[in-house]
Amino acid sequence: MQLRRHLLTLRLVCATVMALLVVGCTSQPTAGTSSRTGAPPTTAFSPTDVAWIQLMIPMAERAQALTDLAPSHAASPALEALAADTGTQLHEDQKRLHRLLDLSGVPDSRPHEGHNMPGMVSLPTIERAGTLTGKAFDQLLAEALHAHLAQSAMLCAGERTQGHAGKAQDLAATIARNTTAQTSRLNEVRPAETSSPGGATAG
């Protein structure tokens, strides 16, 4: 029953975010936007922009919580170095996202607090990672980071095409570029997946 309620909640949240991504490009400016100042329309924040910011913040927070464990849990020096660089970038992304949210005039209500969205590093994953060391931690870190980066890239693509505020779209482009570089680097250093008895790599 608890699992069913969680799935229903997750589906509702996902549907809400996707609905905002669809309609946001035609939405009116939010609080504190340019409708009163006469600034160009691209300075206004639409619901799509705000939904993107509010989702990217907890995604970055969760991913950084995982990368912060690498120095004391990882076996691979290359993966640990990647986690350190990724964590630094995630910290910077969070600061920029919070500045955008302040600029939008929307309160930091944290609507996704406690949610486990697609691609977001889940709280149970972070808890489990804290109990692992060596290759087991490396495998979990690589898989969770790969999912995070893939989802971030998708969300940034949606903001760039459906968003309204130029500053939000610019940040989405920056995060997307960084995500591409991090994904390429992760693919080079991630540990090999466990092989099946037949010799094929387990998916």
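The legends below describe close-up views of a predicted model. Residues are numbered from 1 along each chain as its sequence is written, and side-chain values use heavy atoms, with hydrogens and water left out. Because the model is predicted, local features need pLDDT of at least 70 and side-chain atom pairs count only at pLDDT 80 or more, whereas totals for chains, interfaces and linings use all residues.

**View 1. Helix α2, residues 47–67.** Helices here are DSSP runs of H or I with at least four residues, numbered from the N terminus.

**View 2. The largest nonpolar core, with 22 residues.** A nonpolar core is a set of buried Ala, Val, Leu, Ile, Met, Phe, Trp, Tyr and Cys residues joined through side-chain atoms within 4.5 Å. Those with the most contacts inside this core include Leu66, Phe137 and Leu186. Two or more residues come from each of α2, α4 (77–104), α5 (123–129) and α6 (134–162), and α6 gives the most, with seven residues. Leaving out residues up to four places away in sequence, Leu66 touches Val121, Ala129, Phe137, Leu140, Leu141 and Ala144, a contact being heavy atoms within 4.5 Å.

**View 3. His148 in helix α6.** His148 counts as buried because its relative accessibility is 4%. Apart from neighbours within four places in sequence, His148 is in contact with Met59, Ala60, Ala63, Leu90, Gly119 and Val121.

**View 4. The salt bridge between Asp85 and Arg185.** The side chains meet at 2.7 Å, N to O, a salt bridge being a side-chain nitrogen of Lys or Arg within 4 Å of a carboxyl oxygen of Asp or Glu. The pair links distant parts of the chain, with Asp85 in helix α4 and Arg185 in helix α7 (residues 166–189), 100 residues apart. Asp85 is partly exposed at 43% relative accessible area, and Arg185 is partly exposed at 29%.

**View 5. A network of salt bridges linking Glu92, Lys95 and Arg96.** Glu92 meets Lys95 at 3.3 Å, N to O, while the closest N and O atoms of Arg96 and Glu92 are 3.5 Å apart. Glu92 and Lys95 both lie in helix α4, three residues apart, and Arg96 and Glu92 are four residues apart in helix α4, separated by about one helical turn.

Methods: The expected span of a helix is 1.5 Å times one less than its number of residues. Buried means under 20% relative accessible area, exposed over 50%, partly exposed in between (1.4 Å probe, protein chains only).
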